[in-house]
Amino acid sequence: GLAPVRIGSIAEFQNYVPTMDKDEVRAERERTGDPFGGTLCVPIEELLEVNRSTGTTGKPNIFGVTRGDRRKMEEAFARMLFGIGFRKGDRSMIQGGTRWHGFVHGVTCAHYKMGVIPYIIPDSVFDMTPSSFQMAPDTDVNVITLGWPEISIKYIKEKGIIPKNYFPRLRFV
């Protein structure tokens with residue numbers, strides 16, 4: 001029964017909609033032994049898969065994804081990628097394989113939905129850049145997706161790399 005017009009600020013949103021943060025989810029997980037920390041809203045049998053956060057601020061949180069969630073995730077991420085310039089037929093180097101984090105999984109699913117070919121670098125997000133340039137002679141990518149741009153920029157500057165020299169068709173990173 002909540003109409004968006006009734007919400008004029010974050011504070012009002014928090015008054016109307018229950019919210020939680022990572023620490024509360026972790027505390028619930030420890031208190032109850034529920035691996036989902038109280039966030040699973042469907043029977044576990046309805047899950048297509050279980051994914052996780054990175055765990056950079058503590059033990060990773062896991063979350064379930066249903067078929068319906070997957071369709072919504074693919075659509076949302078495809079819209080995001082289209083909005084920043086991805087197009088069908090692009091060849092995109094993508095970090096971390098397909099499962100190291102829910103966000104990367106969403107981006108990968110969107111690649112498939114859009115007809116963008118992902119060149120998957122199996123390293124972690126923290127060392128993708130060296131692998132990208134090592135793989136360059138065997139690819140013809142025109143888009144590179146990075147999870148930690150500040151690490152990549154540092155590496156590129158330190159090595160004196162000019163990305164266009166490695167990836168002549170590169171449109172954007």
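**Reading the model**

Author: The structure holds zero disulfides, a disulfide being a pair of cysteine sulfur atoms within 2.5 Å. This is a predicted model, in which local features need pLDDT of at least 70 and side-chain atom pairs count only at pLDDT 80 or more, while totals for chains, interfaces and linings use all residues. Residues are numbered from 1 along each chain as its sequence is written, and side-chain values use heavy atoms, with hydrogens and water left out.

Reader: Is C109 buried or exposed?

Author: The terms rest on relative accessible area, with buried meaning under 20%, exposed over 50% and partly exposed in between, for a 1.4 Å probe and protein chains only. C109 is buried, with a relative accessible area of 3%, whereas C41 has 73% relative accessibility and so counts as exposed. For the chain as a whole, buried residues make up 34% of the 173 residues.

Reader: How many helices and strands are there in the chain?

Author: Helices (H or I, at least four residues) and strands (E, at least two) are DSSP runs, numbered from the N terminus. The chain has seven helices and five strands, and from the N terminus on its elements run α-α-β-β-α-β-α-β-α-β-α-α.

Reader: In what order do the strands of the open sheet stand?

Author: Two strands pair if DSSP finds at least two bridges between them. In this model an open sheet of three strands has the order 4-3-5, with parallel pairing. Strand 4 (117-120) and strand 5 (143-145) are at the edges with a single partner strand each, so one side of each is left without a neighbour in the sheet. Strand 3 (residues 91-94) runs parallel to strand 5 and is joined to it by three bridges; I94 has T145 in strand 5 as its bridge partner.

Reader: Which strands does helix 4 touch?

Author: Contact means heavy atoms within 4.5 Å, and axes are lines fitted to C-alpha atoms, for helices over the stretch in contact, with angles running from 0 to 180 degrees between N-to-C directions. Helix 4 (residues 102-114) packs on the sheet and touches strand 3 and strand 4, its direction making about 165 degrees with that of strand 3. Helix 5 (residues 128-135) also packs on the sheet, where it touches strand 3, strand 4 and strand 5, and its direction makes about 140 degrees with that of strand 3.

Reader: How is the packing of two helices described?

Author: Two packed helices are described by the angle between their axes and the distance between the axes. The axes of helix 3 (residues 67-83) and helix 4 come within 8 Å and cross at roughly 80 degrees. That makes helix 3 roughly perpendicular to helix 4, a term for angles of 65 to 115 degrees, while those under 35 count as roughly parallel, those over 145 as roughly antiparallel and the rest as oblique. Among the residues that meet are M73, F77 and L81 in helix 3, and F103, V107 and C109 in helix 4.
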